[in-house]
Every structure is written in C-alpha cells, then in structure tokens.
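Student: I have a structure open and would like to go through it piece by piece. Can we start with what the burial terms mean and then look at some residues?

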Amino acid sequence: MESSEATDAVSMRHVVYDRFGGSDVLQVTESPVPVPAGGEVLIRVHGAGLNPIDWKTRKGLGFVATQIEGRMPWTPGYDAAGEVVAVADDVTTLAPGDRVMGMIGFAESGGAYAQYAVARADELAIVPEELDLVAAGGVPLAALTAWQALFEVAGLESGQKILIHAGAGGVGHFAVQFALERGAHVIATASASNRDFLAELGVHEVIDYHTTDIADECYGLDVVLDLIGGETGKRSLQTLSESGVLVTIPTVTADEVVSAAEAMGVRAHGMKTRPDVFHLEEIAELIEDGDVRVHVDRVFPLEQARDAHDLLEAGHVRGKLVLDCR
C-alpha cells in the first residue's frame, strides 16, 4: 500500500447510529482509520454532502434501511470529497495527494460522514482546482441524479421544453444548469424567495408553486423532472405533450405516478441513481469551465450532523448542505 505522511492518524471521528429514529440517534464516535482493500483508496474527507436518502434511511425508511438493519452501528453518507492519503497496491489511477470526489459506498456501506473513508478508485473523479474540497462534497449524488434523469432516462435534447420541480434544491439546481447547458428551454418551480437565485442561474421561467397551479400554466412539455413526487408528480402529467416524458425521483411514490401516467396514456419513469465516474468527470469538466456552479447553502461541522439532518428534513434548502469533516 502506498501512503502519505497524512495517514499518521490511527483513529478518526465519524458519525454513527445504532438504531433507527430521529436525528438524536446520530452520535459522533472514534474508531480506527480504515485500511483500503484491493481496488480501494483511503480519503481524508474534507466535505461530506447530505442527501434526502440519509435522513430517510436514518428513520428506517426505504430499501437501504432493510439492508443495514442487522449491521448497525452504521456510518451514513455517500458523498465524499477530499484528498487521497493511501492507495491499495493494485491501484494505479490515483496517488496520494490527488483531490477527489465521488459517490462512495452506495448503497449499503455508506461511510462518508467521517474524517477518513475508503472508496473504490473507479468511483472517484478528480476535483477541479477551482472547486473547494468542502463544497465538492455536495456534488456527486445530486449531480449524478440530475444528469442520469435528464440525459439517460428522459433523453433531453437542445430546443426542448422542460419543467423542473424544486429547481432551487440539491438535485434541482444542478438539473436546471445541465438543461440550460444542453440548450433546453427551462421552467422551474420554486418558492418566491428562490426566484432571483434561479434567474441568476439562467432559468427562463420561474413558477411559484404556492400561488400557481402548474397544470394551468404549462402544456405541451417535452420533459418534466419531478423531484417532489406524489400528487405533484401526478398533476404534472397533464403538462406533457403526446410524446413527452416525466421522470419521477422519489422512490416512495414512483409506482403511483407511473401508474397514473399509464392510465392517461403518457410516459413516466422512476429511476435509481448509480455511481458513474464517467458522468462525474463530465460534470467536473462543466464546473471547471464555469458552466455549472455548486451552491452550498450551509456547512456544518461533523459534530452538528443532527442539526444538518433536521434542516434537510424540514425542506427548503437552497442547493446543498455539507458537513466539514476536517
């Protein structure tokens, strides 16, 4: 194993929970620094992004919760950015000192809410010099979700009209920028307080979901990216053109939205995000070129993971929340 002097640490702080529940189950504890196995690297984590799956799993909801139930205590977090400090003997693509980010340990290992984390080398992309490593922690899962939904599932093309729900959120603020960069006409829903933020990103039309029914406002759309699910997703089906498609992200309500689409004779798909280093490298290039920016709403120290979860679960976060794990 090749390592740098930065791995002199033998123990690390990390967040764990040993049972499902409210944010009070999150604890900061100390454990030995992990050692990378074959194909893995050890990262000194600077930033760990928070995602809705984190609090949903903590509450015992969803597929991951069923998988980790017998393996607690468990360290949450899939988004990590930091510096490589050690690599397994068979890793030739990365070296100590490299600045990296990735969607790690997905879905059953987690581990990003920590000072050090192991990750597969083939899941990591180099972080552009222009991007701070704490902020980079907010990129992988949300950006990959937006990318895969728009370009793999929906097949978004230049000149098409797209509606993006919750456009100022974690996935949303990446999605609007990717769609604009692709040359689409972008409509986004948001609260009035986020109108200026989305206008700065270049969104063509911002709809205040508190005062306007999108089914009255939008019609003939090529794509809808539904980041809310449930009734919002089902109502959005009315805005599609005959050849349009809706992609719904929340897995809890995906089946009912897709069933409603089938009943109406329109297309809708659910999806599950997956790690993809090639997509992540394309996203990093857009960030490096200044075409996409990462908006971090707040940064919390590792010890305040509970507060970060409470804020995320309450909704209305603009962009991303990130833990500073240094």
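Tutor: Buried means under 20% relative accessible area, exposed means over 50%, and partly exposed covers what falls in between. Please keep in mind throughout that this is a predicted model.

Student: OK, is Asp54 buried or exposed, then?

Tutor: Asp54 has a relative accessibility of 3%, which is under the 20% cut-off, so Asp54 counts as buried. Asp54 sits in helix α1, which covers residues 52–58.

Student: What does Asp54 touch, leaving out residues up to four places away in sequence?

Tutor: With those left out, the contacts of Asp54 are Gly49, Gly77, Tyr78, Tyr113 and His309. With Tyr113 there is also a polar contact between the two side chains, at 2.7 Å. As for Gly77, it is 23 residues from Asp54 in sequence, while the C-alpha atoms of the two are 6.5 Å apart in space.

Student: There's another Asp I flagged, Asp324. Where does it lie?

Tutor: Asp324 lies in strand β16, residues 320–324, and its relative accessible area of 19% makes Asp324 buried as well. Its side chain makes a polar contact of 2.7 Å with the side chain of Arg326. Leaving out residues up to four places away in sequence, Asp324 touches His46, Val134, Val299, Phe300, Pro301 and Leu302.

Student: Switching to the sheet: in what order do the six strands come?

Tutor: The order is β11-β10-β9-β12-β13-β14, in an open sheet with parallel pairing. At the edges stand β11 (205–208) and β14 (267–270), and each has a single partner strand, so one side of each is left without a neighbour in the sheet. On average, and ignoring direction, neighbouring strands of this sheet are turned by 15° against each other.

Student: How many bridges join β9 to β10?

Tutor: Four bridges join β9 (residues 161–164) to β10 (residues 185–190), and the two strands run parallel. Within that pairing, Leu163 stands opposite Ile187 in β10.

Student: And which strands does α5 touch when it packs on the sheet?

Tutor: Helix α5 touches β9, β10 and β12 (221–226), and its direction makes about 170° with that of β9.

Student: How long is α5, and what span would you expect?

Tutor: Helix α5 covers residues 170–182, which is 13 residues, and reaches 19 Å from its first C-alpha to its last, close to the 18 Å expected at 1.5 Å a residue. Eleven of those 13 residues are buried, so α5 is largely enclosed by the rest of the structure. Among the buried ones are His173, Phe174, Gln177 and Phe178. The helix is followed by Gly183, whose phi is positive, near 95°.

Student: Since α10 came up, at what angle do α4 and α10 cross?

Tutor: The axes of α4 (residues 140–153) and α10 (residues 277–288) cross at roughly 105° and come within 10 Å. That makes α4 roughly perpendicular to α10. The residues that meet include Leu144 and Trp147 in α4, and Ile283 and Leu286 in α10.

Note on methods. Residues are numbered from 1 along each chain as its sequence is written. This is a predicted model: local features need pLDDT of at least 70, side-chain atom pairs count only at pLDDT 80 or more; totals for chains, interfaces and linings use all residues. Side-chain values use heavy atoms; hydrogens and water are left out. The expected span of a helix is 1.5 Å times one less than its number of residues. Buried means under 20% relative accessible area, exposed over 50%, partly exposed in between (1.4 Å probe, protein chains only). Two strands pair if DSSP finds at least two bridges between them. Axes are lines fitted to C-alpha atoms, for helices over the stretch in contact, and angles run from 0 to 180 degrees between N-to-C directions. Contact means heavy atoms within 4.5 Å. A polar contact is a pair of N or O atoms within 3.5 Å; within protein, one must be able to donate a hydrogen and the other to accept it, and residues adjacent in sequence count only if both atoms are side-chain atoms. Angles under 35 degrees count as roughly parallel, over 145 as roughly antiparallel, 65 to 115 as roughly perpendicular and the rest as oblique.
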